[in-house]
Amino acid sequence: MDCTILSRYIQRLTCEYRQEDKVIGSTDPKVAVDPTFKNHANVTLLDGNVCRLLLTGFSEDKPKNYTCIITQGETANKTAVVDSMVQCLSSEVEVNELTSSCQTKEKILRMDCYYTVSNTSKALTCEYRQEDKVIGSTDPKVAVDPTFKNHANVTLLDGNVCRLLLTGFSEDKPKNYTCIITQGETANKTAVVDSMVQCLSSKVEVNELTSSCQTKEKILRMDCNYTVPDTSKVLTCEYRQEDKVIGSTDPKVAVDPTFKNHANVTLLDGNVCRLLLTGFSEDKPKNYTCIITQGETANKTAVVDSMVKCFSSKVEVNELTSSCQTKEKILRMNCNYTVPDTSKELTCEYRQEDKVIGSTDPKVAVDPTFKNHANVTLLDGNVCRLLLTGFSGDMPKNYTCIITQGETANKTVVVDNMVQCLSSKVEVNELTSSCQTKEKILRMDCNYTVPDTSKVLTCEYRQEDKVIGSTDPKVAVDPTFKNHANVTLLDGNVCRLRLMGFSEDTPKNYTCIITQGETANKTAVVDSMVQCFSSNVEVKELTSCQTKEKNLRMDCNYTVPDTSKAPTCEYRQEGKVIGSTDPKVAVDPTFKNRANVFLLDGNVCRLLLTGFSGDKPKSYTCIITQGKTASKTVVVDGKMQCFSTQVEVKELTSCKTKDKNLRMDCKYTVPNTSKALTCEYRQEGKVIGSTDPKVTVESTFKNRVSVTLLNGNVCRLRLTGFSENKPKNHTCIITQGTSARKSVVVNSKTLIPCSAISVLFQTSPAVLLTLLPVLLEMWHL
């Protein structure tokens with residue numbers, strides 16, 4: 001139920017809902033709620049003077065009076081009769097609102113079309129027009145005007161919204177824009193848009209404050225959606241519980257002692273400020289307020305009760321996004337979903353029109369068109385990802401994500417491989433931090449996008465105004481951080497900071513700066529005393545790749561509460577144990593002497609399975625145990641080719657041997673593992689060594705360097721007499737027809753000891769026999 005409010009004042013107001021004379025819920029936590037509605041109702045003040053009631057378990061057998069009461073000094077109310085069997089009053093198609101927002105810097109017009117339809121389970125189409133020209137449509141059969149080809153994207157979003165994104169928006173006079181919704185009948189709404197019109201939100205506003213309580217982990221997550229006049233200027237976000245400060249992005253703000261080490265406030269991409277509050281177990285509802293400040297201040301308050309159940313008691317697909325990498329011809333789609341029970345198994349399936357592209361259920365028949373081209377995986381954070389290679393459709397098509405857990409939900413979007421990525425600029429999307437208190441290491445990951453992934457970029461981290469480290473060796477690092485910091489570009493558009501000896505006594509601003517021609521940055525507040533939110537065992541990702549030798553390699557990325565203790569890792573195929581790092585675990589006879597499971601650096605558990613030639617898809621599960629247990633399952637098809645159809649350098653790591661020599665490992669992928677490749681290392685542009693004897697090595701490194709290709713797509717460098725007195729860039733270059741490279745800054749004073757032997761010895765005796773040649777080679781380092 002939505003209650004629209006008219007008020008002349010800016011003082012606080014309260015909203016209360018009643019059924020007959022029973023209080024269902026209120027924004028005032030002091031109001032006594034009728035026991036009938038405990039843990040079933042949520043009352044929230046929304047943007048636009050609306051007070052919303054969400055009431056779960058609604059199944060009355062006769063009509064009842066529902067009353068909304070608004071109080072701000074004086075009181076007003078309205079009553080309506082509700083019958084659970086009464087259909088929504090909107091029995092026809094309606095376009096309720098059409099809003100626009102012009103970002104003048106990026107020249108992108110975004111329009112949101114809010115609609116209602118009589119049946120939300122039936123397909124509908126959404127079309128946008130400028131005057132009489134079709135800009136775009138969710139129906140791929142609709143002919144788009146050539147003016148807008150490759151410039152427009154029309155998508156159906158959660159919450160009955162159809163969004164238009166139009167790039168290169170620079171009209172010189174106002175024009176009519178129309179949104180048309182069709183489901184049997186048709187409705188439309190038209191708005192006049194002028195590229196010179198400033199965003200109507202010329203002030204600071206908090207649009208929505210939402211909460212989600214994960215009862216198992218006792219974590220409260222709140223998202224505060226805001227708008228500000230200038231997104232390029234600094235703003236601060238602060239959360240309060242009643243009048244106590246929970247946390248702030250401003251390190252100068254004094255946090256209430258109750259919330260010390262329990263709260264984290266972060267500015268996320270998309271004008272969102274997120275609160276994560278651990279140990280959330282209040283016994284009564286309380287007011288939580290989000291305060292946004294950029295010159296002026298705006299706030300919004302919501303009542304949160306730790307006992308309120310998540311309202312999403314059904315399967316829902318919230319968002320379906322796509323990203324087409326034209327160079328690699330790979331389509332990546334992310335399907336964000338919610339389910340009633342995250343501990344129960346679910347299946348995810350993708351379709352193109354009516355053809356099944358792929359599924360996490362190995363029993364589902366995939367269309368032959370997509371055999372060996374598609375991979376569907378369940379990722380952490382309720383996301384189902386599709387990777388589709390050889391993506392070259394010549395016209396837009398419907399792609400659908402279907403989530404099933406008992407019941408089924410789906411969402412469809414139109415994808416055209418000719419649509420350019422709207423992010424044509426440098427952006428920092430997210431900056432996350434993780435503090436490992438035992439090792440006193442701060443790890444931060446900076447997720448970014450750039451217009452051209454083939455061009456060089458630089459990444460720099462700062463603490464307040466001090467430079468911590470940079471991928472550019474010419475940048476002067478603050479003496480405080482000399483020999484303590486490492487900044488590395490990782491696969492997947494991530495720049496990682498590792499800062500040792502992290503023990504600041506007050507919260508400080510940390511900034512990640514990405515530069516590729518232009519510059520973008522994001523800042524987060526980090527407190528060394530904040531505990532890691534991931535206090536349990538988690539399996540983050542499970543990936544697989546089949547080699548030419550018919551071997552299956554799977555990597556299981558995990559997190560554990562204590563990285564100093566070794567977890568156990570076990571792999572299963574359809575319930576059968578393939579292998580384990582625990583020698584006491586009984587392995588299925590099918591896999592005896594064919595499987596190897598071992599723990600790698602970076603919280604990865606790898607499976608190598610020889611003689612892999614399954615003739616049909618099967619489920620593979622990785623199980624990580626450290627006190628408690630976590631697992632992740634993916635479907636693997638023996639005929640599926642590795643997605644990396646190009647030369648790539650995945651990772652470049654360095655360490656110091658017991659003889660004080662430098663060892664570097666360059667992990668790569670190539671399209672054909674049976675063809676020859678060359679590996680070359682350089683230091684500051686000078687050739688150190690190469691697997692190609694025709695390459696001329698810099699005289700300084702003669703007779704001091706060894707470059708070797710090892711099993712598992714690794715190229716190893718050994719450099720003796722390593723005693724440089726300052727950090728230098730080291731680059732690994734892999735060539736097989738085309739070339740790929742990765743660079744890291746190496747500092748002899750901060751190199752960690754090579755620890756591969758200790759990792760390998762955690763596995764079973766049988767595995768050690770298999771790896772004996774490698775161990776002997778490493779021992780001679």
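This is a predicted model: local features need pLDDT of at least 70, side-chain atom pairs count only at pLDDT 80 or more; totals for chains, interfaces and linings use all residues.
View 1. Strands here are DSSP runs (E, at least two residues), numbered from the N terminus. Strand E10 (residues 125–130) runs antiparallel to strand E14 (residues 175–183), and six bridges join them. Two strands pair if DSSP finds at least two bridges between them.

**View 2. The open sheet E11-E10-E14-E15.** Four strands make up this open sheet, in the order E11-E10-E14-E15, with antiparallel pairing. Strand E11 (133–137) and strand E15 (185–193) stand at the edges; each has a single partner strand, so one side of each is left without a neighbour in the sheet. From one strand to the next, the twist averages 25 degrees. Such angles run from 0 to 180 degrees between N-to-C directions, with axes as lines fitted to C-alpha atoms.

View 3. Arg351 stands opposite Thr400 in strand E30. Strand E26 (residues 347–352) and strand E30 (residues 397–405) run antiparallel and are joined by six bridges.

**View 4. The open sheet E27-E26-E30-E31.** The order of the four strands in this open sheet is E27-E26-E30-E31, and the pairing is antiparallel. At the edges stand strand E27 (355–359) and strand E31 (407–415), each with a single partner strand, so one side of each is left without a neighbour in the sheet. The twist averages 25 degrees from one strand to the next.

**Notes.** Residues are numbered from 1 along each chain as its sequence is written. Local features need pLDDT of at least 70, side-chain atom pairs count only at pLDDT 80 or more, and totals for chains, interfaces and linings use all residues, while side-chain values use heavy atoms, with hydrogens and water left out.
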